[in-house]
Structures are given as structure tokens and as C-alpha cells.
Amino acid sequence: MAQITYIEFNNKAHTVDVKSGMSVMEGAVRNNIPGIDAECGGECSCGTCQVFVDETWFEKAGARNDTEASILEFTDAFRPNSRLSCQIKVTDALDGLVVRMPKRQG
Amino acid sequence: MQESKPHVVIIGAGHAGGTLAALLRQYEFTGPITLIGEEPIPPYHRPPLSKAWLKGEADAESLALKPLEFYAENNIDLWLNARVARVDPVGKKVSFLNGNILAYDILVIATGSRAIYPPIPRADSRGIMLLRTAADAEQLKATIGAGKRLVIVGGGYIGLEVAASVRGMDAEVVILEREERILKRVANPILAKFFQSYHEARGVTFELGCHVASFGSENGQVTGVWLGDGRGLPCDAVVIGAGIHPNEDIAKEAGLECDHGILVDLEARTSDPNIFAIGDVSRRPMPIYDCMFRMESVPNALEQAKQAAAAITGRQAPMGEVPWQWSDQYDLKMQIAGYPFEADSLVVRGDPQAAKFALFHLKGDQVQAVEAINSPPEFMMGRQLIGNRKAVDRIRLADPSISMKEVVAGRDA
């Protein structure tokens, strides 16, 4: 279990508990948090679950995989701390994670 | 609109209907929402049914769009196992087969589509299945396993996905296709040939240009398939993937304009201003191609759910999307963007032999569609090009040694 804070583009923050083993994307979708579309449902196919991982957490969240990286770099919102949230697995070590959502996904 | 708190009734608890209910709450709609589904379970993801779910790699929790408690917590009245008989657009009422009547202020028809059962003798035998619902997938999963033989009627994406999943369980698979090649309706010959070879190399057998005359059965259980040329193929189970049909009957009976799909505008509104239609069941404008489309995809269901949610809550409409879809088979990731509408040429980028390539369909020097196999950059950039209508240099596009970013940036990059 990890407590994760999702911050919308308008700075509205949502803090929820997410079970270990789920993805950061699933944590947002299951709690109906706006700002993550996740069109493909977690297949690493669409690039619509992008989040910016707060600096202090970026390394702990793990490295991008090749497919994820090649999708992310073609999104409008791409930044050095971008991740596809469907590719971040929640573990106890991510308790306290803070991610921010772009203005628009895709 | 929110002061008067209209009652939104959504017929159809699939991906479109379930997403719309959730989006209305995200958009701070506070009126009552009733979500009506025929199936016994709350809205779930259908795409994994032929993939991860079939292979046993997904559980019920991950299949669900939202956790069960979500609906009560968000004051969404979920009616399951409920079948709508008709809609009365004048009295603004929905009546159910069991005699119940429900009044609405705003109605959303999200009834999706049904798999087509071809009129083949003994198609009602046990072991002959469609793959549309979680219940269908459960039945298939229980029937098929190592050493069993599955015949798939229809060489479309759903048939190919099932074949790939079932080969992973060491079952035998034969795909029957009535056209002279697979994917005839949805993909070009290069892609069709690629998929066929890839499946054949993994043990799938194809029978093309073949007519299914009848099914053989014993005590009501399917035992084989008889082909038009007289041959018989013994099997333990059959999956029919022969296309889908929009569930538009209640809309037609209510007098809504339909044309193989309920006609809607860019707000997902039908010819009745109080009724919307979203997802597979609707036929909608697609501005980038300047025509009407009926699409059978999750991204389309989500886009139209956004359109309807925005219209109902008085928000700004979504920006307009490039349609896309995906398919996973074995280790292949296929992503398709756009439709090859009025395309007049094809550019192949990459090597089909290496299972890493993309097909760009061009109209003049603009990209209309891209089909990408294990090529996310081509898909992502192709999707942007379809949206922004930027001209591309086809010589450079065909050269995989030039990165997609450089192709798009032009010669000076």
C-alpha cells in the first residue's frame, strides 16, 4: 500500500491509498481522478496516462522502458521527469509519491 | 443546467456508458445518474477478453473499469441484468422488459454492438461461441486448453488475437476466412500477409476463401466444421469472429435518425435534443476526414463519452481527436491511427521480415492513416501528422535511418 498524491494541472490535489501491485495509472482511474485518460487501459500503447514525477521520487519510481520512452518523447507535454503512469508499479517504497498531470493528455 | 439537476439515464453499461457516468461526476455534475446494463457485472474492459484475460493474466479486479463501491460512493444508480424494451421520446420514459418504467430528462444510448451469428446449420451447438462479453470469454477459457482444437470462423483482429492467446496454451488453431485473404475489411494486403505468416510460423493454420457449410455435432456438442468443398475439420470448440452489428433497434423504434448506427453530431447528440448516443452504436462526424464514421473501438467510446459529458455539463467540447486503435498478438504491438480514407499511395517504412515496420497511407503528401507494428515512434508521429495535416516527404518517410522527428522537421533538421 502506498499513499499517492495526484495533482491536476489546475493544482487541485487528490491523495489516495493505492494497493501494491497496481499501477499508478490504475490508482488514479479507480479513484476517478481527472487528468489521466489511459485510453488503452495500461498496454503502454497510447501515451494518455502521462505524469510528471516529483524530482525526489523520480529515481525511486524506476526507469522508463524502451517502448514507454519512445511513446513519451512524441507527446506534446513531454518533460525530463515524464512517465507513463501505467508503467509505474506501486510498492510500499512509493508511499508518499507525488505526481502531476499535464494540461492535456496525448 | 446543474441547478435544475436533470436525471441522466444511460442505457448500456459498457466502456462508453461506464466512462460517461464517471466523467459526469468528474465534471461535477450533481444530478441523479442511472446506468443500465444487460450484463450481470458492472462496466469492464472488453479488449483484454481476447488477450490477457483469456490467457489468465488478468483478474476480475483489473478487468473492471471502476471498483464496485465506486458507483454507490458517487451516487450512480447501477441497474444490472436490466433489459430495455423501448424508449418513449415524447413522454421521456424508458420502459423495461420486466414492465418497469423510468423517466429521464437526458437519455444516453450506449448500447454498443452485438457479435454477428452467421446463419450456419447447427450454429447453436454447445462449444460454438462468440466473444463479446466476459461470460463468453469465461466459456472459451473453460473449453480450450492444451491439446484441444479450436476453429475460428473469421480472419479479423478478434480472431487473430484469440488465435495468439490460444496458441500460448498449446491448443491447435485453424482460422477460416471466406475472403481470399485475412483482414480484408480493415487492413491492406501487406499487413494481412505479415500477420498470416507470423501466425503460421507459430503453428496456426489458415483456410482462405472458404465457406462454412455446416457444423457437425453430437448430442448437441460441436465436433467439427464442414466446409463448402466437402472437407470436414474435427474440433473441440469454435469461436465466431464475423463482425458486429450496432444495437440501434430501440433508437430506430423511437424514431431517431439512424443509418447503420445512430446518427449524432460532434456533441454526440442524436436527432432528438434530449437524447445522446455514444460508442459502437453511433455514427458520428469525423472532421479530419469530413465524413461520418461508425467506429468500433475503446478510444472512440471514450472520446464520445467526453463529448456527451461536456455537452451535458455545459463545458467546452474536447479538442477533436485522431481516431486510433490497437491490437496485441504474441510479442507484436500493433497501433493504428486514422483511416486510409481516399488514400492514393502507400509508404512502407521498416522491414516486415523483422516484425518492425509501419505502413503510411497518404493522400497526396498528407498522411491519412498509419499502421505500426512494434514501431511506437511511427505511430505517435503518424498520429500527429494525421491531425495537423502537415505535408511529408515520402522518400524520407520511407527511410528508417532518418528518425521520425527528422522526417517531420524536414531537410534542414
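Two residues count as in contact if their C-beta atoms, placed from the backbone, lie within 7 Å. The views below show a predicted model.

**View 1. The contact between chain A and chain B.** Chain B contributes 20 residues to the contact, and chain A contributes 14 residues. On the side of chain B that touches chain A, at least two residues each come from α1 (15-26), α8 (298-313), β22 (324-329), β23 (332-338) and α9 (376-388) of chain B. The largest share of this side, four residues, is supplied by α9(B). Sorted by class, the side of chain B that touches chain A holds twelve nonpolar residues, together with four polar and four charged ones.

**View 2. Asn75(B) in the loop between α3 and β3 of chain B.** The loop that holds Asn75(B) runs between α3 (69-73) and β3 (76-79) of chain B. Asn75(B) is not a glycine, yet its phi is positive, at about 55°. Most residues other than glycine have a negative phi. Asn75(B) counts as exposed because it has 11 C-beta neighbours inside 10 Å, and the cut-off for exposed is 12 or fewer.

**View 3. Asn219(B) in the loop between β13 and β14 of chain B.** Asn219(B) sits in the loop that links β13 (212-218) to β14 (221-227) of chain B. Its phi is near 50°, which is a positive value in a residue other than glycine. With 7 other C-beta atoms within 10 Å, Asn219(B) is exposed.

Technical notes
Residues numbered from 1 in each chain as written. Chains lettered and ligands numbered in written order. Predicted model: local features only at pLDDT ≥ 70, side-chain atom pairs only at ≥ 80, totals over all residues. Nonpolar A, V, L, I, M, F, W, Y, C, P; charged D, E, K, R; others polar. Buried ≥ 20, exposed ≤ 12 C-beta atoms within 10 Å, placed from the backbone.
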